Protein chains: 2
Amino acid sequence: MARERQDIALAVSTVIFALRPHPETGLSAPWIPLVRRIAAPFESRWALPGGWVAPRESLEDAAARNLLETTALEPTYLEQLYAFGAVDRSPEERVVSVVYWALVRADQAQQSREGENVRWFPADDLPQLAFDHNVIVDYALWRLRTKVEYSRIARAFLGETFTLTELREVHEAVLQKPLDAANFRRQVESSGTLVPTDSVVTGGRHRPPRLYRYNETIELVDNGPLGHEKTGSTRVVS
Amino acid sequence: MARERQDIALAVSTVIFALRPHPETGLSAPWIPLVRRIAAPFESRWALPGGWVAPRESLEDAAARNLLETTALEPTYLEQLYAFGAVDRSPEERVVSVVYWALVRADQAQQSREGENVRWFPADDLPQLAFDHNVIVDYALWRLRTKVEYSRIARAFLGETFTLTELREVHEAVLQKPLDAANFRRQVESSGTLVPTDSVVTGGRHRPPRLYRYNETIELVDNGPLGHEKTGSTRVVS
């Protein structure tokens, strides 16, 4: 260990996922907003939105602010992803980036600010980004895909109630593969993670589909015990 | 976001778990080594081993070095836990700590350096620690308990092959509750996570128990895709 405190810069970046139709297939897929860099290093390359942490701001507040300033969005889900600290990840000085990942609904994403220097891209099909940001996005995608299977995070894309078809479509978009509808229904029903509500989708169909919500009484990983605590840690903003 | 880079100190700390008999119950339980602080702030309080990151050292290398210097141990498992960055977590200056967690086997822990200022404590029964270190240990315990159920990390306590009884005893020690032997065997066998080896425990018993190993061909979370990559990230040291 270093005996003396070292001069290492601390930044926060955020990977913000929304589900939107892929330009080629037309199928729903994860997209992220990127920011074009207007200064060295990596001038004119696309990068994750991010910046320095302010003196009186927790890491999570910095991530939320970062997101608001870049896209004018407030996330429905925000969680710390990982601290990236390889020695040479930034060419000019040592920078450690604490990266958050966030989920926003498609209708929110549509209202987001977009312009010459802020644009949404399909997360699976990105240009060469600044720094190690391609590695970071791949890791965030892996986390999203793993976590959708064992947590309640899908509701960040859906709202509190949803049909089984809507939930399956979120899983299909995140995993980028079709899922058998009957199998999906069986798995969800046997897992106990969902509770049927008394409501159905209105609109006069003969057999209107039922609305479900997540079961809050069972233990799922979600944000873990740090959620909602004042530790500069994870939270769900709803 | 801050427009200018701020002066925030970056530290690394490590929660190192070994399984040892609890002093009261005699049953195996998670223990961690702590270091007594010899300077302000929190002088004479116990704290997690940690220190500043050196200029040419990744976060993970800093954590591994930290561990070696404190306890003379090399971990069998080392993974980033979380970056703690609440504004007031250190009284004198702003410090963000990237925390790692590590697992070591009991026989390694017994060889570790211990003395007036380094001592092992049962992780569930700690004194008031310096900074937010009690919160950090509780979070690390939660991560350990969650992860033992859906990953191969138990082998860090066991080695590559083990009997079902040894594996159950690790789960019982981590979760701090007795598990029904027949149920445990059934769950493990139906999950497909273990593979029987051709070996049994030697020693002349009439029905020597079979040795198992983890199934490497199925996908489990473990360290995720960052393991073994040069991103200053997670790794398994074996």
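Mentor: Helices (H or I, at least four residues) and strands (E, at least two) are DSSP runs, numbered from the N terminus. By that rule chain A has six helices and nine strands. This is a predicted model, where local features need pLDDT of at least 70 and side-chain atom pairs count only at pLDDT 80 or more, while totals for chains, interfaces and linings use all residues. Residues are numbered from 1 along each chain as its sequence is written, and chains are lettered from A and ligands numbered from 1 in the order in which they are written.

Trainee: Why is helix 6 of chain A said to lie largely in the open?

Mentor: A residue is buried if 20 or more other C-beta atoms, placed from the backbone, lie within 10 Å of its own, exposed if 12 or fewer, and partly exposed in between. Of the eleven residues in helix 6 (181-191) of chain A, the number buried is zero, so the helix lies largely in the open. Across chain A, buried residues make up 37% of the 238. After helix 6 comes A:Gly192, with a positive phi near 75 degrees.

Trainee: What makes residues of chain A and chain B count as in contact, and how many are there?

Mentor: Their C-beta atoms, placed from the backbone, must lie within 7 Å. On that basis, 42 residues of chain A are in contact with 42 of chain B. Helix 1 of chain A gives the most to the side of chain A that touches chain B, with five residues.

Notes: Two residues are in contact if their C-beta atoms, placed from the backbone, lie within 7 Å.
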